[in-house]
Amino acid sequence: MDTREQLLALTDELRRRKTEGVRSVPVMEETLGRLRESVRAQLAPAAAAPTALAETTGPFRAATTPPRPSPAKVTKTISLAPIPADPPVVALPPGDKQARWDALRELVLTHPVCRAHLHPGKQAVLGVGDLDAKIFFCGEAPGAEEEIQGEPFVGPAGQLLTRMIQVMGLQRGQVYIGNIMNWRPEMPVVAGQEQVGNRAPTTEELRFCLPFLRAQLEIVQPELIVALGKTAAEGLLGAGSFRALGDVRSRWHEFGGVPLMVTYHPSYILRSQSKSSKRQIWEDLLKVMERAALPISEKQRGYFL
Ligand code: URA
């Protein structure tokens, strides 16, 4: 991805957060400096070399004196490895569900494209859960905790998702939890430091990872899918098929013949903490419980997360 695409991806992510009610994001001074340089390089490419984020790690200076990068600070940054135009063809081997899932996991963990986007010591992530689950939750992409543990939804958003599942009267292990993308989307990093922050996957990344999600659905054969947040909904309904999450949320759609409910991402609930959004996500989950014929008590009906 070139600088322009990186900036577009960043803008998309900020827009997405805005639609979710986020009004400000913390940014480190150094990151802000790099962003300014990248924007300036886009506006005046001839005057502002270098243009790649990988080469713009110095502090912000006056436009007339573009800073030289300090080689000691430069390291691998946003998606230097390209995303192939053709998504992978995933052919599941014969065998029972577990054997097919094991083969798929091996494929994802060793896939050269997935591996090319991982920082040292980090893992690609496939879904987890009951391979006979009725309900398949689909999130966005692994975050910091997930790429360390190699399991989806184990960080703060995952803890809330687990609680939501429990309030539905289920255990985490009774559902299947996956993501639309299998590695943590890369952000700029400074040598020796961990990646800070997350960004939404690009359309190319979503397209590339979709066959891995389809293969998981083929194995699990769930009765229902729950898309968590705008990115998951875009991946499943098609990028550009709706404008704001509110246009598709709380309604039944379909993916590959399976009923699909779209709701908020748990991280939105963590950020907003508003009672009405908590109630809204719970009302979406009540619809899922009804359609899955799960028992619903009066207490559950009146519940606020
Ligand atoms: N958010 C997601 O969408 N997926 C995860 O696995 C973790 C956080």
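Which residue in β4 is the bridge partner of F136? Select F136 and look across to β4: the partner is I225.

Before going on, some ground rules. You're looking at a predicted model, where local features need pLDDT of at least 70, side-chain atom pairs count only at pLDDT 80 or more, and totals for chains, interfaces and linings use all residues. Residues are numbered from 1 along each chain as its sequence is written, and side-chain values use heavy atoms, with hydrogens and water left out.

**Stop 1: the sheet**

Switch to cartoon view and colour the strands. Strands (E, at least two residues) and helices (H or I, at least four) are DSSP runs, numbered from the N terminus. Six strands make up an open sheet with mixed pairing, in the order β1-β3-β2-β4-β6-β5. At the edges you'll find β1 (128–129) and β5 (252–255), each of which pairs on one side only. Two strands count as paired if DSSP finds at least two bridges between them. In general, strands of a sheet pair through backbone hydrogen bonds, either parallel or antiparallel.

**Stop 2: strand β2**

Now select residues 135–139, which is β2. On the β4 side (residues 224–228), four bridges join the two strands, and they run parallel. I135 has L224 as its bridge partner there. Turn to β3 and you'll see parallel pairing again, over four bridges; pick C138 and you'll find G178 standing opposite.

Show the side chains next. Buried means under 20% relative accessible area, exposed means over 50%, and partly exposed is in between (1.4 Å probe, protein chains only). Five of the five β2 residues are buried, so the strand is largely enclosed by the rest of the structure. Both faces are covered, with I135, F137 and G139 on one side and F136 and C138 on the other.

α7 lies across β2, β3, β4 and β5, and runs at about 170 degrees to β2. Contact here means heavy atoms within 4.5 Å; the axes are lines fitted to C-alpha atoms, for helices over the stretch in contact, with angles from 0 to 180 degrees between N-to-C directions.

**Stop 3: salt bridges**

Side chains of opposite charge can pair when their charged atoms come close. The cut-off used here is a side-chain nitrogen of Lys or Arg within 4 Å of a carboxyl oxygen of Asp or Glu. The whole structure has nine such salt bridges. Here are some to pick out.

- Select R184 and E147, whose side chains meet at 3.1 Å, N to O. R184 sits in the loop between β3 (176–179) and α7 (203–220) and E147 in helix α5 (residues 144–149), so the pair ties together parts that are 37 residues apart in sequence. R184 is buried at 3% relative accessibility, and E147 is buried at 2%.
- Select E151 and R172, also a salt bridge at 3.1 Å, N to O. E151 is in the loop between α5 and α6 (156–167) and R172 in the loop between α6 and β3, 21 residues apart. E151 is partly exposed at 27%, while R172 is buried at 18%.
- Select E283 and R279, with their closest N and O atoms 2.9 Å apart. Both lie in helix α10 (residues 275–291), four residues apart, about one turn of the helix. E283 is partly exposed at 36%, whereas R279 is buried at 18%.
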